[in-house]
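Let's take a walk through this structure together, with the sequence and the 3D view side by side.

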Amino acid sequence: MSKYWSPIVSALKPYVPGEQPRMANLVKLNTNENPYAPSDKVIEAIRAAASADLRLYPDPLALDLRKAVAARYGIEPEEVFVGNGSDEVLAHSFAALLKHDRPLLYPDISYSFYPTYAGLFGIDAVEVPLNDAFGIDIPDYRRPAGAIILPNPNAPTGIGLPLAEIEALVAEHPDQPVVIDEAYVDFGGESASALVPKYENLLVVQTFSKSRALAGLRVGFAIGQRHLIEALERVKDSFNSYPLGRAAQAGAIAAIKDEAWFEATRGKIIASREKLTSDLKKRGFEVLPSQANFVFARHPDHAGQALAAKLRERAVIVRHFAKPRISDFLRITIGTYEECARLVAALDEIL
């Protein structure tokens with residue numbers, strides 16, 4: 001506390017990011033990073049950008065990147081917004097689209113940045129409970145609302161909704177903006193991006209951090225009809241007109257164009273996820289069905305916090321959430337085949 005703080009600061013509950021520990025021989029499975037290096041074409045593009053004239057500001061419109069994203073999804077560049085990671089895109093969405101007289105709705109077990117942003121922007125929010133199987137029930141959102149945001153697949157559960165259910169939600173709320181946060185959609189989910197031309201209230205947010213292995217570059221984007229994108233641009237240009245540097249724009253363009261790397265890498269991660277799920281179930285774990293690059297699992301005989309601590313003693317880091325209903329679960333990022341094997345070996349020692 002300080003007398004110099006603005007009143008809002010003392011009331012904020014900041015988001016707590018996943019730990020970035022420095023340990024020898026570490027198996028880091030706690031922050032859902034891609035275990036594989038980015039495309040060689042990305043590295044080449046970043047080097048070329050770094051050797052260019054960095055004394056100049058980057059393109060504030062990121063037009064070439066927006067064109068590349070638009071080409072990938074069959075839309076117009078004017079229907080694409082890019083930002084400094086999907087977290088910044090989400091922050092602008094909260095400010096530009098999600099504050100209304102009626103409450104914002106989102107799941108009670110979900111991305112924990114949502115309540116942080118709601119508090120920061122003074123948004124009245126209602127958390128809608130997941131069902132007993134930790135899934136999202138679309139009928140539960142048939143209530144008065146000013147806006148809705150859902151992650152699909154959900155985090156930290158990894159459970160995805162079929163596209164038909166997402167479309168039903170969007171269609172049932174024509175007067176409310178609906179944001180679908182698709183940070184993990186490339187690992188088995190169904191993207192709602194194809195619905196954007198049909199629904200003027202739909203905004204789809206994605207990231208280059210996970211499936212494109214660019215968490216360290218910080219690039220995210222949104223797809224929506226022009227009037228929604230314009231709202232995000234107005235907020236951005238009232239906050240920071242140059243969110244993406246030259247290297248970030250160049251790297252992201254190369255990443256989204258390298259389809260062969262993308263397909264091969266996500267295929268390896270999906271295969272590792274299925275193998276790890278099987279290995280965990282053989283050892284008595286309950287594993288929720290995941291369409292993400294992580295699994296959410298608990299063991300009937302071991303508390304989640306204690307199990308995470310024992311794994312840490314063996315230089316294996318996973319994510320534990322000390323929250324009601326999920327305190328015995330561990331969220332385990334899908335690593336390389338070797339990293340997953342080390343996790344399983346450590347569990348065999350513990351169990």
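## Helix α11: one side out, one side in

Glu338 and Glu349 are exposed, and they sit on the face of α11 turned away from its buried side. Keep in mind as you look that this is a predicted model. The buried residues of α11 are Cys340, Leu343, Val344, Ala346, Leu347 and Ile350. Viewed down the helix axis, these buried residues fall within an arc of 160 degrees, so they line one face of α11.

The length of this helix can be checked too. With 14 residues (337–350) at 1.5 Å a residue, α11 should span 20 Å, and this agrees with its end C-alpha atoms, which are 20 Å apart.

Strands β1, β11 and β12 belong to an open sheet of 5 strands, in the order β1-β11-β12-β10-β9 and with mixed pairing. At the edges stand β1 and β9 (286–287); each has a single partner strand, so one side of each is left without a neighbour in the sheet. Strands β9 and β10 run antiparallel and are joined by 2 bridges, and here Glu286 stands opposite Arg298 in β10. Helix α9 packs on the sheet, where it touches β9, β10 and β12, and its direction makes about 5 degrees with that of β10.

Now look at β12. It pairs with β10 (residues 294–298) in the antiparallel sense over 4 bridges, and Arg331 is the bridge partner of Phe296. With β11, the pairing of β12 is antiparallel over 2 bridges, and Leu330 is the bridge partner of His320. Are the residues on the two faces of β12 buried or exposed? Both faces are covered: Leu330 and Ile332 are buried on one side, and Arg331 and Thr333 are buried on the other. Helix α10 lies across β11 and β12, and runs at about 160 degrees to β11.

His299 is found in the loop between β10 and α10. With a relative accessibility of 9%, His299 counts as buried. Its side chain reaches the backbone oxygen of Arg283 at 2.9 Å. Setting aside neighbours within four places in sequence, His299 is in contact with Arg283, Gly284, Phe285 and Leu351.

## Helix α2

Helix α2 (residues 40–50) also has two sides to compare. Its buried residues are Val42, Ala45 and Ala49. Down the axis of α2 they fall within an arc of 65 degrees, so they line one face of the helix. They pack against α8 (246–257), while Asp40, Glu44 and Arg47 are exposed on the other side of α2.

Which residue caps the N-terminal end of α2? That is Ser39, with a side-chain oxygen 3.0 Å from the backbone nitrogen of Lys41.

## A buried proline

Pro77 lies in the loop between α3 (63–73) and β2 (80–83). Its relative accessible area is 15%, so Pro77 is buried. Beyond its neighbours within four places in sequence, Pro77 is in contact with Leu63, Arg66, Lys67 and Ala70. Arg66 is 11 residues from Pro77 in sequence, yet their C-alpha atoms are 5.1 Å apart in space.

## Backbone spots worth a look

Most peptide bonds are trans, and most residues other than glycine have a negative phi. Here are some exceptions to find in the loops. The peptide bond from Asn152 to Pro153 is cis, with omega near 0 degrees. Another cis peptide bond joins Ala155 and Pro156, with omega about 15 degrees. Pro153 is in the loop between β5 (147–151) and α6 (163–172), and Pro156 lies in the loop between β5 and α6 as well.

Phe134 is not a glycine, yet it has a positive phi of about 65 degrees. This residue lies in the loop between β4 (125–128) and β5, and it is buried at 6% relative accessible area. Ala213, also not a glycine, has a positive phi of about 60 degrees. Its place is in the loop between β7 (202–207) and β8 (220–224), and with a relative accessible area of 12%, Ala213 is buried.

Technical notes: Residues are numbered from 1 along each chain as its sequence is written. This is a predicted model: local features need pLDDT of at least 70, side-chain atom pairs count only at pLDDT 80 or more; totals for chains, interfaces and linings use all residues. Side-chain values use heavy atoms; hydrogens and water are left out. Buried means under 20% relative accessible area, exposed over 50%, partly exposed in between (1.4 Å probe, protein chains only). The arc is that of the directions from the helix axis to the C-beta atoms. Contact means heavy atoms within 4.5 Å. A polar contact is a pair of N or O atoms within 3.5 Å; within protein, one must be able to donate a hydrogen and the other to accept it, and residues adjacent in sequence count only if both atoms are side-chain atoms. The expected span of a helix is 1.5 Å times one less than its number of residues. Two strands pair if DSSP finds at least two bridges between them. Axes are lines fitted to C-alpha atoms, for helices over the stretch in contact, and angles run from 0 to 180 degrees between N-to-C directions.
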